[in-house]
Every structure is written in structure tokens, then in C-alpha cells.
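Here are some friendly notes to read with the model open beside you. Take the points in order and find each residue as you go.

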Amino acid sequence: MIAQSQGAALSLVIDAAYLVAATLFIVGLKRLSSPKTARSGNVLGATGMLIAVAVTLLDRQILSFTWIIAGLVLGGLIGAILARTVKMTAMPQMVGLLNGFGGAASALVGADEYLRFASGATVTSADVQTTIMVSVLVGTVTFSGSMVAFAKLQELMTGRAVTYPLQKTINALLGLVILALGVYLIPADPAPGLFATFAALCLVLGVLLVIPIGGADMPVVIALLNSYSGIAAAATGFVLHNNVLIVSGALVGASGLILTNIMCRAMNRSLTNVLFGAFGATPMAAGAGAAMDGRTVKDITPEDAAILLAYSRSVIIVPGYGLAVSQAQHNVRELADLLEQRGVDVKYAIHPVAGRMPGHMNVLLAEANVPYDKLYEMERINPEFERTDVAVVIGANDVVNPAARHDPNSPIYGMPILDVDRAKNVIVMKRSMNPGFAGIDNELFYHDNTRMLFGDARESLTKLVAALKAM
């Protein structure tokens, strides 16, 4: 009786700890919705996960205290090093890796449970077998797909969409084979070899699903893979009968799908078009100062740009991926500070899919301590452009292309854009006239009110700041 009472009390303590962890996840996720509270949201979520992991390991007696402490210390050390050494410009790659590791962890747990079943160590019901297959399928697809996304973002492979003949047909056939194997393995006698084949084909599917997606669609891919990692974790929670894993996985999966939908709406494209449209597969290049269809661009020097900015009343800065590549976020902040000292009203226009992950520009500018109240979302800032003296575009391309509004033949037609062209003057900082990931020429560059400041964004901003200081 005493043992039963102690067991019941321990069970209540564990359930209470899981409830606390789940509550921290939900509150932390809510606080992540605002840049002002995002840091505390991260702390709450991490605290909840620490509680959940510690309680699970102690409850199930999976490992000794020695291994538990060693794992916590090693994992905490790796996390601290990454947090300190990985630059903000590399956050998309980092998020891709973390998505992949989450999927791999779920797949490995599911595979271990299947191998235990195959060895006769456990007796597994059909519903658990089903969740094992889901965990391995989604987890391995997430892992291999995330590794491809990481390679694209890290420029270890081309960031363009990679296509080949019968790609969709091959993917569909591979998906059917995987589905058939998974269904067969659920009621069948243990077959480790066939199960390994199932997992290997899932890895291949993850690669094939991501390679035809171009860099312009990386924000959607990152959000979707994040959702996949949550779905895999929730499935693993059913395998292990662990409620807190089910809750946390469901939260990540649902929030990732919502974010994916937001990203798709921001581009006015469907998810199927993003996944199977091979957007940006065929780039069209042009050299610096080149023109298409007889059009020409107008250059501007850093000195002239400094004069134009210094005598403006209002300036809107539009950051893009080029800002991240050149790591010029601190230079942008310095430029804004100098202009504000002169009484210029400075705002930042943030497009939802600017960069290579959701919120990429927000994260980048946060590193330079740009005040949150200076960052304006597209819906709020667009009415301001026509009243703005100068719009400064730094490394952005497709998200400021007016063709999206009026050219039905454009591949980005219908995509909501920042109305930069409606400003009185536009300064575009760009290395050359090469197009963005959509592979199309940007007609903004040829407008009468646009001036091109060619060169590396960091170097151009450094010269611009020097010219302002000299005035």
C-alpha cells in the first residue's frame, strides 16, 4: 500500500511538472509573437523544455544521474557556443540545422522502438506501429530536407531551383512506394531490413522535395520544415506515451503551418506552387549598369546620395538579403542615427519574405540594436511611401519590383510588394544588375526617380556615412 501511495504521489508530481512545462510552452509561444517579448518567450520555452526533459529522464529511469548531468552539461555547452559564435546573418542556416536535428531525433526514437519490437523486447499494437512509421517518415524527410536547405543557404550548393525531367512523377512514385511500405510494415512480422529500406527511401524523398525549391522560397521552406519537426515530435510522443512531447510537438507543428500559410499569403502563392513550381529555376543575368529592352539606369555617387538624404525630411530604409550577405546591419544603424541627428524621420520597411527565413530582417536589425518601434510591416508602411522623400533599398529585389502589381506575365504578378517606387526619390544599393531569385529584371531600377549605388552594401554605406559626417 505504501509503495502504491508513493507511486501515485510520484505520478501526480510528474503530471504536474508536465502541465507546468506545457503551460510554459504556450505562454512562451505567445510572447514570441512580438519582438519586444520574444527574448522572454525563448527563456520560458527553454525552461519548459528543461523541466520536461529532466522529469522524463528521472521518471522513466532511462539513464543514471551521471549520464543525465553529462548530457545536460554537454548540450548546454554546445548551445552556448553556438549562441555566441553563430552570426545573425547565419541564422537561417542555423534554424535549418535545428529543424533537421529535431526531425532526426524523432526518427531515431521511432526506429529504436521498432527495433525493440523486432527483437522481441516489446509487444507493439497496430496504433503504435502506425505512429512509429509516421515518426520515421516525417522525421527523416525533415532531416534530409533541412540538410538540403542548409546547404543552399550556406552556398554549399546552388540556391537556385534544381530540376530534372519527370521530377514530379518520380517524387510521386517514390511517395507511393514509401506509403505502401509503411502500410505493409504495420501489421507484418518484424522486418528490420525492409524497415531500413523504408527509412532510406524517406531520406531520399526529403532531398528530392527540397532541391527544386529556390532561395526566394526559403522562408516558406524553413517554416514548413519547422512544422514537420513538430509533427514528427508529436508522433514520437504517441509512440512513447509521453503527453508533454505530444503537446510540444503539436504546438510546433501547428504554429509552423500557420507561419507557412502567412508566408505563402505574403507572396500571393499557394503552398503547392512553392513546393512544386521550381520558382527561380532559370535566372536572367545582366552586368552592372546594363540595360534591358533599351532601358538605362541612372547611377549616383555616395557623396550625392549623402546630400540627397541629408536634406530630406523623411527616409524609409528597405533591407533585403543583400544586407545580410554584406553584414551591413551596423552600418545601416549608423546611417540612420546620423540622419536622425539632422532631424530626418527614419523608418524601416520590413517585407514578410525578405531574407531567407521568417523574420530574417527583424533578427538582423535587432543585432544592430535598431529600435523595434522603427520597424514597420508592409501593411503599415506602404501608405507612407508616397509621402517619403527618399526610399533606400539595400539588397532587396523581388519584394520591391513594381511588375508584381501590373504585369500579368510576370512570375511574381500578384505578390504583395513594398511600394518603394511611389517615393519621391529611390536609392538602390546593389552589387550589379543581376536579378533576384525570381530570375527577372526589376523595372524599379529604370524608373526616373531611381538612382543606383553599385557596390557592396557595407562598403557603400561606409562611404555614405563618411560623406554625411564630412558635411
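1. A word to start with: a residue is called buried when its relative accessible area is under 20%, exposed when over 50%, and partly exposed in between, using a 1.4 Å probe and protein chains only. Helices (H or I, at least four residues) and strands (E, at least two) are DSSP runs, numbered from the N terminus. With that in hand, look at helix α11, residues 302-310, where P302, A305, A306, L309 and A310 are the buried residues. Seen down the helix axis, the buried residues of α11 fall within an arc of 130°, so they line one face of the helix. The arc is taken from the directions that run from the helix axis to the C-beta atoms.

2. Before going on, please keep in mind that this is a predicted model, in which local features need pLDDT of at least 70 and side-chain atom pairs count only at pLDDT 80 or more, while totals for chains, interfaces and linings use all residues. Residues are numbered from 1 along each chain as its sequence is written, and side-chain values use heavy atoms, with hydrogens and water left out.

3. What do the buried residues of α11 pack against? Their partners are the strands β1 (314-319), β4 (390-394), β5 (425-430) and β6 (450-454), together with the helices α13 (329-341) and α17 (457-470). Contact here means heavy atoms within 4.5 Å.

4. Let us follow one of those partners. Two packed helices are described by the angle between their axes and the distance between the axes. The axes are lines fitted to C-alpha atoms, for helices over the stretch in contact, and angles run from 0 to 180 degrees between N-to-C directions. For α11 and α17, the axes come within 8 Å and cross at roughly 60°. These two helices are therefore oblique to each other: angles under 35 degrees count as roughly parallel, over 145 as roughly antiparallel, 65 to 115 as roughly perpendicular and the rest as oblique. The crossing of α11 and α17 is right-handed; that is the word if the near helix is turned clockwise from the far one by less than a right angle, and left-handed is the word if anticlockwise.

5. Which residues make this contact? On the α11 side they are P302, E303, A305, A306, L309 and A310, and on the α17 side K463, L464, A467 and L468. Sorted by class, the contact of α11 with α17 has eight nonpolar, no polar and two charged residues. In this sorting, Ala, Val, Leu, Ile, Met, Phe, Trp, Tyr, Cys and Pro count as nonpolar, Asp, Glu, Lys and Arg as charged, and the others, Gly among them, as polar.

6. Helix α17 also crosses α13, at roughly 25° and with axes that come within 9 Å. The two are therefore roughly parallel to each other, and their crossing is left-handed. N331, V332, E334, L335, L338 and L339 of α13 make the contact with R458, L461, T462, L464, V465, L468 and K469 of α17. By class, the residues of this contact divide into eight nonpolar, two polar and three charged.

7. Now compare another pair, α4 (residues 91-118) and α8 (residues 218-240), which pack at an angle of about 25° with their axes 9 Å apart. That makes α4 roughly parallel to α8. The crossing of α4 past α8 is left-handed. Among the residues that meet are P92, G103 and E113 in α4, and I222, S229 and L240 in α8. This contact divides into nine nonpolar, seven polar and one charged.

8. M218 is found in helix α8. Is M218 buried or exposed? It is buried, with a relative accessible area of 0%. Leaving aside neighbours within four places in sequence, M218 is in contact with A149, K152, L153, I213 and R356.

9. In strand β4 you will find I394, which counts as buried at 1% relative accessibility. Beyond its neighbours within four places in sequence, I394 has contacts that include I317, L323, V332, M429 and L461. P408 is 14 residues from I394 in sequence, and their C-alpha atoms are 26 Å apart in space.

10. Finally, two loop residues to look up. Q327, in the loop between α12 (321-326) and α13, has a positive phi near 55° without being a glycine, and is partly exposed at 29% relative accessible area. N369, in the loop between α14 (360-367) and β3 (375-377), also is not a glycine and has a positive phi of about 60°; at 56% relative accessibility, N369 counts as exposed.
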